[in-house]
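Hi,

Here is the structure I promised to pass on. Have a look at it first, and then read on for what turned up.

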Amino acid sequence: MSKNMQESRHADNDGVNPEKLVTLFRDKLKGRGARGIVGIQRLFKIMDDDGSKSLSEHEFSKAIKDFKIGISEENIPILFNYFDSNHDGTLNIDEFLMAIRGELNNKRLAMVKQAFDKIDKD
Ligand SMILES: [Ca+2]
Ligand SMILES: [Ca+2]
């Protein structure tokens, strides 16, 4: 009776690299118009089915399937947990922005810091 449920158990998460999943996710979403902050916010709203201003893992995985991002079901939780930096089980807009613009954000942060240091000197 439960044979079907056991079929794809062999797919181990060994060797799954979150960075790879993140890169795939970013590339696909950028193709979906998630470029500027406004585009990302719009996308977030589309993904947030119940309007709670946060993405549950269910909403997140649904969006990944809808957008045909090509991340397999068993890898979705890995990606979700990777993005959920405060580990509350949902992605808020900050975490989502960070998820898509992470590297850029770090660069920006560094720039902001630099600017701050300059101001601080006087
Ligand atoms: Ca929601
Ligand atoms: Ca969170």
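A term before the findings: by a nonpolar core I mean a set of buried Ala, Val, Leu, Ile, Met, Phe, Trp, Tyr and Cys residues joined through C-beta atoms within 7 Å. Buried, in turn, means that 20 or more other C-beta atoms lie within 10 Å of the residue's own. Also keep in mind that this is a predicted model.

The overall layout goes like this. The protein chain has six helices and two strands, and from the N terminus on they come in the order α-α-α-β-α-α-β-α. Of its 122 residues, 16% count as buried. If you take the contacts between residues at least 6 apart in sequence, 60% of them join residues at least 24 apart.

Now the core. The largest nonpolar one holds 18 residues, and those touching the most other members are Phe60, Ile71, Ile76, Leu79, Phe96 and Ile100. At least two residues of this core come from each of α2 (18-31), α3 (37-47), α4 (57-66), α5 (76-83) and α6 (93-121).

Next, how do α2 and α5 pack, and at what angle? The angle is about 90°, with the axes 10 Å apart. Since anything from 65 to 115 degrees counts as roughly perpendicular, that is therefore what α2 and α5 are to each other. On the α2 side the contact is made by Pro18, Leu21, Val22 and Phe25, and on the α5 side by Ile78, Leu79 and Tyr82. Sorted by type, the residues of this contact are seven nonpolar, no polar and no charged.

Staying with α5, its residues Ile76, Leu79 and Phe80 are buried. These three sit on the same side of α5, because they cover an arc of only 100° around the axis. An α-helix has 3.6 residues a turn, so residues three or four places apart point the same way. The buried residues of α5 pack against α2 and α4.

Is Lys30 buried or partly exposed? Lys30 has 14 other C-beta atoms within 10 Å, so Lys30 is partly exposed. The C-alpha atoms of Lys30 and Ile40 are 8.8 Å apart, with the two residues ten apart along the chain.

Cheers

Methods
Residues are numbered from 1 along each chain as its sequence is written. Chains are lettered from A and ligands numbered from 1 in the order in which they are written. This is a predicted model: local features need pLDDT of at least 70, side-chain atom pairs count only at pLDDT 80 or more; totals for chains, interfaces and linings use all residues. A residue is buried if 20 or more other C-beta atoms lie within 10 Å of its own, exposed if 12 or fewer, and partly exposed in between; C-beta atoms are placed from the backbone. Helices (H or I, at least four residues) and strands (E, at least two) are DSSP runs, numbered from the N terminus. Axes are lines fitted to C-alpha atoms, for helices over the stretch in contact, and angles run from 0 to 180 degrees between N-to-C directions. Angles under 35 degrees count as roughly parallel, over 145 as roughly antiparallel, 65 to 115 as roughly perpendicular and the rest as oblique. Two residues are in contact if their C-beta atoms, placed from the backbone, lie within 7 Å. Ala, Val, Leu, Ile, Met, Phe, Trp, Tyr, Cys and Pro count as nonpolar, Asp, Glu, Lys and Arg as charged, and the others, Gly among them, as polar. The arc is that of the directions from the helix axis to the C-beta atoms.
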